[in-house]
Amino acid sequence: MTPLFDRLDALPPLSAEERQLLDSVTALARDEIAPRAAALDKSAEFPWDNVTAINRLGLNAMFVPEAYGGAGMSYAAYLACVRELSAACASTGIIWATNFHAAKPLIDFGSDEQKERLLPQVAAGALLALAITEPEAGSDATGMTTRFTPVGNDAVEIDGGKIFITNGDVADLILLFGKWADLGDGKGAITALYLEKGAPGFRVLRKEEKLGHRASSTAALAFDKCRVPRANVLGLPGQGLPLLLAALNKSRPSVAAHALGIARAAFADAVAYTNQRRQSGRRIVEFQGIQFLLADLATDLAMCEAWLWHVARLVDAGIGDIGPEASMLKMRASDLAMRIATEAVQLHGGYGYIADNRVERLLRDAKITQIWEGANQLHRQLIGRSFVERG
Ligand SMILES: Cc1cc2nc3c(=O)[nH]c(=O)nc-3n(C[C@H](O)[C@H](O)[C@H](O)COP(=O)(O)OP(=O)(O)OC[C@H]3O[C@@H](n4cnc5c(N)ncnc54)[C@H](O)[C@@H]3O)c2cc1C
């Protein structure tokens, strides 16, 4: 591909240590993760070998502060790693990114005691899940009905259920959102807590069969008088909603980086194939119609990646109020992943529809990126609402 994408990759101001880690992730993605992706997609088996390989690099440690056994690297470095892993295997990319999504609120809002107790396991390679969605509470998460009832001073009992939870059946630690029973049913009752593997009363109801991301697990969870220590409540009861909104500002750019990994892979395949496929005595890339399409896709991809690094810079500068920027990034990156994957299939002609071709998988993997972490309709609303002046 042209040097323009290499120049974009040089944009985030990574330290020498971060560049070195990113090089190791790129090598791991190329040598181990990408070669396994097609078989894992077919079998829908959880990619334990990839998780082991990621933990061999100590990759969770990059987002955990040094004081708690981590390496405390930048958000830009983290996003670059998510994109690299996701281009190789979208399932593996989202499994690892979910560790960050569920751990970041602990880093940002946990007490010293909670961080000292839980973060070293995260740094050492624990799998995490973030459980918000319920059967009747999707785009409007505030409708959740999972209840947290205090029992004495030391315990909390959880009743309810969650659906569609990435890593839900394999997680060592689940960041769970519910409503604090004593505070009623409104938004002001929303509370977050960490549930550790093996908590009594916790059950995995089922694993979903999916269109894409088939090697990542998506589980329905049930809580029946499930007991956790009160010490696992994050922040105070009733503080869950602001905590959730702050957490989403970090996870939405992350799922955008994941979508851009899929977009990059699809674009690379489109360029490679159109340069090789011959029809009417010419390589199909020589047809102007195909050049115009590649030009449009490359331009939108480059613009969106530049915005990714813009948002990363804001987060690394400690700017918290980035809701509209994060929504723009999530919405555009995911729409673009779907568009590029669709066009990549089109450019492969009939071969693109055949399962042996990577673009067939990329198209299936791209679709969910427009739905999760807030469906794109929701992001359009959030961006639009930010322009309403308060009277
Ligand atoms: C593979 C997979 C993994 C997931 N992982 C997780 C996870 O780890 N943790 C977690 O908590 N959740 C997870 N989810 C859930 C995901 O975030 C939700 O599916 C998503 O938020 C949408 O909710 P819903 O499915 O209930 O759709 P609904 O909210 O019922 O939406 C249905 C349709 O209506 C549209 N819509 C809704 N409200 C509006 C509105 N106000 N205006 C216009 N259109 C609207 C939506 O955009 C959508 O097109 C996952 C889902 C999947 C499929």
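Predicted model: local features only at pLDDT ≥ 70, side-chain atom pairs only at ≥ 80, totals over all residues.
A pocket here is an open set of points, on a 1 Å grid over the protein atoms alone, where a 1.4 Å probe fits, with protein on both sides within 12 Å along at least five of seven lines. Its volume is the space filled by probe spheres set on the points, joined across faces, edges and corners.

Residues are numbered from 1 along each chain as its sequence is written. Local features need pLDDT of at least 70 and side-chain atom pairs count only at pLDDT 80 or more, while totals for chains, interfaces and linings use all residues; side-chain values use heavy atoms, without hydrogens and water.

The largest pocket is lined by 49 residues. Lining residues have an atom within 4 Å of a point. Gly-138, Arg-252, Glu-373, Gly-374 and Leu-378 lie nearest the centre. The elements giving two or more residues to this lining are helices H5 (90–109), H7 (240–276), H9 (323–347), H10 (358–367) and H11 (376–385), plus strand E3 (155–166). Helices (H or I, at least four residues) and strands (E, at least two) are DSSP runs, numbered from the N terminus. H7 gives the largest share, 8 residues. By class, the lining has 21 nonpolar, 16 polar and 12 charged residues. Ala, Val, Leu, Ile, Met, Phe, Trp, Tyr, Cys and Pro count as nonpolar, Asp, Glu, Lys and Arg as charged, and the others, Gly among them, as polar.

Now the ligand. The space it takes is the largest pocket; to sit there, more than half of its atoms must lie within 2 Å of the pocket's grid points. Around the ligand are 18 residues, each with a heavy atom within 4 Å of it. Leu-130, Thr-133, Ser-139, Phe-164 and Gln-377 come nearest. Strand E1 (128–131), E3 and H11 each supply at least two residues of this shell. E3 gives the largest share, 3 residues. The shell has 9 nonpolar, 7 polar and 2 charged residues.

Next, the polar contacts (pairs of N or O atoms within 3.5 Å). A side-chain N or O atom of Ser-139 is 2.6 Å from a ligand oxygen. For Gln-377, the distance from a side-chain N or O atom to a ligand oxygen is 2.7 Å. Thr-166 places a polar side-chain atom 2.9 Å from a ligand nitrogen. The protein covers 64% of the 970 Å² of accessible area that the ligand has on its own, by the Shrake-Rupley method with a 1.4 Å probe.

The second largest pocket holds about 520 Å³ of space. Its lining has 21 residues, with Asp-9, Thr-26, Glu-84, Ala-87 and Arg-264 nearest the centre. H2 gives the largest share, 7 residues.

Definitions and conventions: Polar contact = N/O pair within 3.5 Å; in protein donor to acceptor, adjacent residues only side chain to side chain.
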